[in-house]
Amino acid sequence: MRIRLHTIIYANRVEIEHVPVYTCSRCQISELHHAIKDDMTGLLVRLGDHPAKQTVRFDELNELAYLLRAVTDKEKRMLSLETLVEERVNQLLDLLLLARSLEDSEWTRDIHRRLKQISLYSAVSQPAAGE
């Protein structure tokens, strides 16, 4: 299965862009990447049953989607995934300092959540010792 970024339509009114989806090239079956299901569920709950017509960029809500989109960005295409992850972590740490200085607890929690997502994705993608 290959992973690609797709646009998903919700309730015929909301376009959710840059959603990581596994797609089988043989049978064309697609399914959400397991690492984003909780964030997608939370988004759909926030949108409700009768959302306003809108476009949502999922890469602004989920770090895996952000990093996958960054890998495909023309300006960043030559950078390694490791470099992109390092740059994003540094960017989030800078934002964390700002959020703390502004005493914005909601923003601070969001940044912690994003950093945790990156650490979970990084841990999963690292080879085990001795490999």
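Which exposed residues does the face of H1 turned away from its buried side carry? They are Asp38 and Val45, exposed meaning over 50% relative accessible area, buried under 20% and partly exposed in between (1.4 Å probe, protein chains only).

This is a predicted model, in which local features need pLDDT of at least 70 and side-chain atom pairs count only at pLDDT 80 or more, while totals for chains, interfaces and linings use all residues. Residues are numbered from 1 along each chain as its sequence is written, and side-chain values use heavy atoms, with hydrogens and water left out.

**First stop: helix H1**

Select residues 37-47, which form helix H1; helices (H or I, at least four residues) and strands (E, at least two) are DSSP runs, numbered from the N terminus. Asp39, Met40, Leu43 and Leu47 are buried here. Viewed down the axis of H1, the buried residues fall within an arc of 100°, so they line one face of the helix; the arc is taken over the directions from the helix axis to the C-beta atoms. Gly48 follows H1 and has a positive phi, near 80°.

**Second stop: the nonpolar cores**

A nonpolar core is a set of buried Ala, Val, Leu, Ile, Met, Phe, Trp, Tyr and Cys residues joined through side-chain atoms within 4.5 Å. Select Val14, Ile16, Val19, Ile36, Met40, Leu43 and Phe58, the residues with the most contacts inside the largest core, which has 14 residues. Strand E2 (14-23), H1 and helix H2 (63-72) each give two or more residues to this core, and E2 gives the most, with four. Apart from it lies another core of nine residues, among them Tyr66, Leu92, Ile111 and Leu115.

**Third stop: salt bridges**

A salt bridge is a side-chain nitrogen of Lys or Arg within 4 Å of a carboxyl oxygen of Asp or Glu; by this rule there are eight. Select Asp59 and Arg69, whose side chains meet in a salt bridge (2.3 Å, N to O). Asp59 lies in the loop between strand E4 (54-57) and H2, and Arg69 in helix H2, so the pair ties together parts that are ten residues apart in sequence. Asp59 is buried, with a relative accessible area of 2%, and Arg69 is buried at 18%.

Next, select Asp110 and Arg114 in helix H4, four residues apart, about one turn of the helix. The closest N and O atoms of this salt bridge are 3.0 Å apart. Asp110 is partly exposed at 25%, whereas Arg114 is buried at 9%.
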